[in-house]
Amino acid sequence: MMGARRGKGSLKQSLDGTSSKKFKSEKSAVSSLNQGRGQEITGVTLPAEGNVKGWQFGSNKVVACANVDDTFYAIQGDCPRCGFDLYKGDIVTDEAFYGEGGVATGDLPRLACPTCATTYGLKNGKRGPPLKRTGLAGFVGNLAKTATLNDSEVDAKAFIISREDDSGRVFMKER
């Protein structure tokens with residue numbers, strides 16, 4: 001005589017591997033890694049103070065990491081508006097760059113796309129007003145605004161970067 005099966009669910013569920021113990025999404029799986037710090041990143045160097053570096057993972061994933069006041073921020077590496085490399089852009093830490101009616105101080109620092117000048121908050125990836133540029137950079141920026149991939153207001157994906165002080169290990173997870 002067979003003994004009673006312990007546990008919940010049908011035999012088909014246990015054979016399919018669709019148990020309730022699996023993560024509901026890939027995002028929750030990554031955020032629970034390493035005591036909630038996210039995925040460990042190896043083979044990258046952190047940017048120096050006031051600089052931006054581009055990190056490439058695989059063949060199509062690029063992240064722009066910035067160091068502002070010894071705090072590391074990361075957002076997606078390509079501009080959602082024009083598709084150019086955000087890691088080649090300018091860090092904006094002063095609201096005076098925006099002129100009148102600029103961005104609220106709580107929304108700084110920002111990263112400006114080098115092509116279309118659209119800015120993205122490094123803390124949250126929110127799209128903001130374009131950086132005011134003059135001369136040739138302003139002319140190119142105005143041309144880029146008319147020939148962009150996407151004219152809608154799309155935010156960039158933002159990531160949390162953490163580093164262990166004793167070992168120097170770097171972790172990243174999506175906000």
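Author: Setting aside neighbours within four places in sequence, Thr 118 is in contact with Arg 81, Leu 111, Ala 112, Cys 113, Arg 127, Gly 128 and Pro 130. Thr 118 sits in the loop between β6 (110–112) and β7 (119–121). Keep in mind that this is a predicted model.

Reader: Why does Thr 118 count as buried?

Author: Buried means under 20% relative accessible area. Thr 118 has 2% relative accessibility, so it counts as buried.

Reader: And what makes Lys 126 count as partly exposed?

Author: The label covers what lies between under 20% (buried) and over 50% (exposed). Lys 126 comes in at 42% relative accessibility, so partly exposed it is. You'll find Lys 126 in the loop between β7 and β8 (127–128).

Reader: Which residues does Lys 126 touch, not counting those up to four places away in sequence?

Author: Those are Arg 110, Thr 119, Tyr 120, Gly 121 and Asp 155. Also, the C-alpha atoms of Lys 126 and Ala 156 are separated by 6.4 Å, though the two residues are 30 apart along the chain.

Reader: How do you know that β4 and β9 pair?

Author: Two strands pair if there are at least two bridges between them. Strand β4 (residues 71–76) and strand β9 (residues 158–163) have three bridges, so they pass, and they pair in the antiparallel sense. As an example of a bridge, Ala 74 has Phe 159 in β9 as its partner.

Reader: What is the order of the strands in the open sheet?

Author: Six strands line up as β1-β10-β9-β4-β3-β2, with antiparallel pairing.

Reader: What makes β1 and β2 the edge strands?

Author: β1 (39–41) and β2 (52–57) each pair on one side only. Ignoring direction, neighbouring strands of this sheet are turned by 30 degrees against each other on average.

Reader: Which residues touch the most other members of the largest nonpolar core?

Author: That core has 16 residues, and the ones touching the most other members are Ile 75, Cys 79, Leu 86, Leu 111 and Leu 122. β3 (61–68) and β4 each supply at least two residues, and β3 gives the most, with three. There's also a second, separate core of 10 residues, including Trp 55 and Val 170.

Reader: How confident is the predictor in the chain?

Author: The average pLDDT is 76, and 63% of the residues score at least 70. Over residues 11–15 the pLDDT is below 50.

Conventions: Residues are numbered from 1 along each chain as its sequence is written. This is a predicted model: local features need pLDDT of at least 70, side-chain atom pairs count only at pLDDT 80 or more; totals for chains, interfaces and linings use all residues. Side-chain values use heavy atoms; hydrogens and water are left out. pLDDT is the predictor's confidence in each residue, from 0 to 100. Contact means heavy atoms within 4.5 Å. Helices (H or I, at least four residues) and strands (E, at least two) are DSSP runs, numbered from the N terminus. Axes are lines fitted to C-alpha atoms, for helices over the stretch in contact, and angles run from 0 to 180 degrees between N-to-C directions. A nonpolar core is a set of buried Ala, Val, Leu, Ile, Met, Phe, Trp, Tyr and Cys residues joined through side-chain atoms within 4.5 Å. Buried means under 20% relative accessible area, exposed over 50%, partly exposed in between (1.4 Å probe, protein chains only).
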